Amino acid sequence: TAKLHHRNIIEIHAVGHWNSLPYIEMERITGDTLEKLLDQRGALPVEVSTAIGIMIGRALWYAHNQNYIIYGTTYHGVIHRDLKPSNIMIADDGVVKLMDFGIARPTDASIHTTDGAILGTMQYLSPEQLDGKDPDIRTDIYSLGTILYELLTGVKAFPEQNISKLMLSKIKNDFRSLELFDVRIPSRLRRLVHRCMTYDREKRISDTQAFLTEISKIHRIISGLSPEQVVKQFIHEEATERIVITSRRRLPRRAIAAGALMAVVSLGIWVGERTIQSRIEENQRTKAAAPALSGPQHLPPPEKPLSEASPPEEKTVAEKTGDETKVKETPRAGGSRVTAGKKKTVIAGPPPLLDRLRERYTTGDLLTIFTKEVQQRHYQDALKVFEALPAAEAASARAVVYRIRALRALGKTAALRSALADCTIEDGEIHLERARLAFGDNNVSATLAHLKSCERAPSAFMESGALRLERLCLEARCAGLKFSGDRSEESRRFALDRWYEVKSELRTARDHPYFREAEVQMQRIAGK
């Protein structure tokens, strides 16, 4: 395990002996286990569940594709074999860490411990582990499916507390379908979890790459934030109550029949009303088309509906003063105005933007509304909210950074340059934006200088992994430009190394545009 170096795997720094006792020196994580989070919160939101699933999947993909040597024999792939919430840490920065890789001995050794330990592990074990078959990477896929199941519902897939009943349920792979829970889970996500938990491993998700590709697509549909950002926001929210998901109630046949009968009766009543209304409207059209009569029998034409009426006039009374005409408005109570002696009612339009956003986000805090609009990619509306911010809040680091994000997304380069020139905030994201502008100006040396500042500066609002990826990609582009001007072997190796770093960072997200760009650039630089 000490050979596994990944952001989502707990780091082992050293092993040794102290007073004749063996010890492992590990990374210290500030946070709680996933087991504790589930105990406190119950079922987690869908986007939080997919975010955690992605980070566990990344750790497994890395472990499943490593070569390692034990007692002189080389093996490919480290299988965890004991995935469960108590072996997963949620750090305060939103990063998920996988712990306790059981590569030194078979997982079924835990069956000889206490009943409680058996129960805690067996609820997540795959069927082939219980059958005594050799595990493979699909064994971890099954256990990951049971964890996702518990995240979405708040209950274990195999909740039996009696060891005999639990064994029977596990052997039959008898668990309640996610469709039976009274919670909205995207059908695509339900199918993914069920495929992970398929009894026959030949029909299961084949590997962690396939799992990651699918769950990443689902996550992008339901959230615009990175997995780390989603988890960080969630764990720092104040928990009001534990969420318990119940099963959907199945209506008895008599109730279904009665409901169907009521629907038929309601449909009949609606059709009858529509028929009568159609006849009334036909009679009115016939009368309107009849020739006009003279004298008092002539009726005025029907009034236009509001949708066809002329818009209310704002200029109401005109007075002649010398050579100029002066326009006056005469407001009246109730929102009406007088126009040439006639009373017109002002039609209320939609509520102003700020009122709509306050209602949408259930808060009157403009800074919160502004940041949420940027996160939702409503950049035009976000900038309008920014203009309404008090001066002190508009000058805050959060407001400045989020405004720069909006300006960049909208392509407002001039405004972006001005904002960056006035900015004195020391933040990695600010330096990254300056580097992007310098690169757009083909100023490689200035780009690299800003990227060095970006690497040293803290990042308060952008997830560190995302910032690192953007920085690496921009550095690789600079190296590629240098190679285009200097075709030496040294610049070639340097450029290849930079793009290789980008590929390594995205080894679990091969569909990412930067991964594809890295492949294309490496082939170009290598002359292939």
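Let's start at Gly411, the residue that follows helix H15 and has a positive phi, near 75°. Please keep in mind that we are looking at a predicted model, and every value I quote is computed from it.

So what about H15 itself? The helix covers residues 397-410, and at 1.5 Å a residue its 14 residues should span 20 Å; the C-alpha atoms at its ends are 20 Å apart, which agrees. Which of its residues are buried? They are Ala399, Val400, Val401, Tyr402, Ile404, Arg405, Ala406 and Leu407. You will spot an arginine on that list, Arg405. As for what these buried residues pack against, the partners are helix H12 (366-375), helix H13 (379-387), helix H14 (391-394), helix H16 (413-422) and helix H17 (428-440).

What does Leu432 touch, once we leave aside its neighbours within four places in sequence? Its contacts are Leu451, Cys454, Met462, Leu467, Glu470, Arg471 and Leu474. One distance to go with that: Leu432 and Lys452 are 20 residues apart along the chain, and 9.4 Å separates their C-alpha atoms.

Now to the rings, for those of you who like aromatics. The structure has five aromatic pairs. One of them joins Tyr149 and Phe181 edge-to-face, with 5.9 Å from centre to centre and 85° between the planes. Tyr149 belongs to helix H5 (residues 137-153), while Phe181 is in the loop between helix H6 (163-172) and helix H7 (187-196), so this pair ties together parts that are 32 residues apart in sequence. Are these two buried or exposed? Both Tyr149 and Phe181 are buried.

Another pair is Phe370 with Phe386, and this one is tilted: 5.5 Å centre to centre, with 50° between the planes. Phe370 sits in helix H12 and Phe386 in helix H13, so to speak two distant parts of the chain, 16 residues apart, linked by the pair. Phe370 has a relative accessible area of 0% and is buried. Phe386, at 15%, is buried too, because the cut-off for buried is under 20%.

Arg41 lies over the face of Phe234, 4.5 Å from the ring centre. Further along, the charged end of Arg498 sits over the ring of Phe494, at 4.6 Å from its centre.

Where is it? Ser223 is in the loop between helix H8 (208-222) and helix H9 (227-235). Its relative accessibility is 14%, so Ser223 counts as buried. The Ser223 side chain reaches the backbone nitrogen of Leu225 at 3.1 Å. Not counting residues up to four places away in sequence, Ser223 touches Glu47 and Val230.

Let me finish with the whole chain. Its secondary structure comes to 21 helices and 11 strands. Of its 528 residues, 39% count as buried. Among contacts with a separation of 6 or more, 62% are between residues 24 or more positions apart. And the accessible surface comes to about 31,500 Å², with 52% of that belonging to carbon and sulfur atoms.

Thanks, everyone, and do stop me for a look at any of these on the screen.

Methods. Residues are numbered from 1 along each chain as its sequence is written. This is a predicted model: local features need pLDDT of at least 70, side-chain atom pairs count only at pLDDT 80 or more; totals for chains, interfaces and linings use all residues. Side-chain values use heavy atoms; hydrogens and water are left out. Helices (H or I, at least four residues) and strands (E, at least two) are DSSP runs, numbered from the N terminus. Buried means under 20% relative accessible area, exposed over 50%, partly exposed in between (1.4 Å probe, protein chains only). A polar contact is a pair of N or O atoms within 3.5 Å; within protein, one must be able to donate a hydrogen and the other to accept it, and residues adjacent in sequence count only if both atoms are side-chain atoms. Contact means heavy atoms within 4.5 Å. The expected span of a helix is 1.5 Å times one less than its number of residues. Accessible areas come from the Shrake-Rupley method with a 1.4 Å probe; for residues, only the protein chains shown count as cover. Rings of Phe, Tyr and Trp (its six-membered ring) pair if their centres lie within 6.5 Å; planes under 30 degrees apart count as stacked, over 60 as edge-to-face and the rest as tilted. A charge sits over a ring if NZ of Lys or CZ of Arg is within 6 Å of the ring centre and within 35 degrees of the ring normal.
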